[in-house]
Amino acid sequence: MAEYMQRLIGDAERALLHTYNRYQIVLEKGEGVYLYDIEGKKYLDFAAGIAVFALGYGNRAYNDALKEQIDKLIHTSNYYYNLPAIGAAKRLKEASGMDRVFFTNSGAEAVEGAIKAARKYAWLKDGRTDHEIIAMNHSFHGRTMGALSVTGNPGYREPFEPGIGNIRFADYNDFDSVAALTGGKTCAILLETVQGEGGIYPAGEDFLRRIRALCDERDILLILDEIQCGMGRTGTMFAWQRYGVKPDIMTAAKAVGCGVPVGAFLMTEKVGQHSLAAGDHGTTYGGNPLACRAVEKVLELFEEYHITEHVREVGAYLEKRLDGLAAEHACVKERRGVGLMQGLELDRPVGPVILSALEKGLILINAGTNVIRFVPPLIITKENVDEMIGILETCLES
Ligand SMILES: *Cc1c(COP(=O)(O)O)cnc(C)c1O
């Protein structure tokens, strides 16, 4: 069997473009919060496919809804209306308090759409084509050219320069650095409500409020990237709802479809009426019936399971247990995060800890070199947290 897995990995490495240094396991199936590799080894999953599989694996109601939709209609193009897209858009509006939805196939595409909407909004006002967007250092917004251009990680960007241009980078949670870059050309300020990839940094409430006020004062659009921190992960449906600081444009993806590739950008009515119009933006697949049926069902099940309440409760417990680990282990520098989006910063690279956990049947991922990231399925229980802590503890000790 081990030989079979090695052979498969060899096949993969000969066929796939090597853009990932993958962990040396081949996963086959999932059940609840557990994954199984092709040798039948069981893993407790605290990564959820990078904050995607919020409902856990093999949710009967979700799977059945998708199967039914496959037999009805998978794709139509956006030249026609379809039932799941209508239902999904209505539910996403309700959950977010935003007014207009555009469905995409990924997070990066949602960011692309948000950038286009912000530029068009500013262009309609003054007809200029030199507007600037302020993004944050250590941010992550995706790998397409536009999303990459606003990603505050020079290592990701440099080989692909020039990017889309007119992007300025400020320091996250440092209002003065944002204000210093703001001027007559600024059309949008873009940030993750909780920085994910960059190391799990939640925005300070004061920082967000002051940015909102600055945007209001100058008619600059606030774009919040909720692709990772949204969809219940921090204990409210979208992380900004905790602060009561509403964006003009918001992006979502990852858990929105719980595994079916789908994202969205949403906006207020004001932006909707004064930005992208017929002919300005489009997608062949985005908003297709299968993906939207997933979104519709996910939002329905979130309500049925009282997901946000559950996350607040289990998230507080996870925090407490991680704080306990931090207190007992000198190699842990800090715990950061909100709800079920947590990071543990070590005084060393976390790669070996993650490998050791994998060997012991626990799936974890990093966020940068020194931070272990905890983004489990949102349905995890306190018992699952205890099981995770038990394994992680032995990994930190060795
Ligand atoms: C994952 C992520 C993206 C990119 O999403 P993709 O679906 O991989 O394109 C953008 N922004 C944030 C905050 C993310 O976590």
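P162 lies in the loop between α7 (154-157) and β6 (167-170), where helices (H or I, at least four residues) and strands (E, at least two) are DSSP runs numbered from the N terminus. The peptide bond that joins E161 and P162 is cis, with omega at about 0 degrees. The phi angle of A51 is positive, near 60 degrees, in a residue other than glycine. The model is predicted, and local features need pLDDT of at least 70, side-chain atom pairs count only at pLDDT 80 or more, and totals for chains, interfaces and linings use all residues. Residues are numbered from 1 along each chain as its sequence is written, and side-chain values use heavy atoms, with hydrogens and water left out.

The domain assignment divides the protein into domain 1 (3-55 + 306-397) and domain 2 (61-304); such bounds come from an automatic or database assignment. The centres of the two domains, taken over C-alpha atoms, are 26 Å apart. To the contact (heavy atoms within 4.5 Å), domain 1 contributes 27 residues and domain 2 contributes 28 residues. Between them, domain 1 and domain 2 bury about 2,300 Å², of which 66% is on carbon and sulfur atoms; buried area is the accessible area (1.4 Å probe) that two parts lose on being put together, summed over both. Of the area that domain 1 buries against domain 2, 29% is supplied by L55, V338 and M341, more than by any other three residues.

Polar interactions also cross this interface. Twelve residue pairs, both members at pLDDT 80 or more, are in polar contact between domain 1 and domain 2. A polar contact is a pair of N or O atoms within 3.5 Å; within protein, one must be able to donate a hydrogen and the other to accept it, and residues adjacent in sequence count only if both atoms are side-chain atoms. The elements that give two or more residues to the side of domain 1 touching domain 2 are α2 (48-51), α13 (307-328), β13 (332-338), β14 (341-346) and β17 (371-374). One salt bridge is found across the interface, the criterion being a side-chain nitrogen of Lys or Arg within 4 Å of a carboxyl oxygen of Asp or Glu.

The structure as a whole holds 26 salt bridges. One of them pairs the side chains of K120 and D280 at 2.4 Å, N to O. This pair links distant parts of the chain, 160 residues apart, with K120 in helix α5 (residues 107-126) and D280 in the loop between α11 (269-273) and α12 (289-304). The side chains of E197 and R373 also form a salt bridge, at 3.4 Å, N to O.

The residues surrounding the ligand (a heavy atom within 4 Å) include S106, F140, H141, E192 and I227. A ligand nitrogen atom is 2.8 Å from an N or O atom in the side chain of D225. Ligand oxygen atoms are placed 2.8 Å from an N or O atom in the side chain of Q228 and 2.6 Å from an N or O atom in the side chain of K254.
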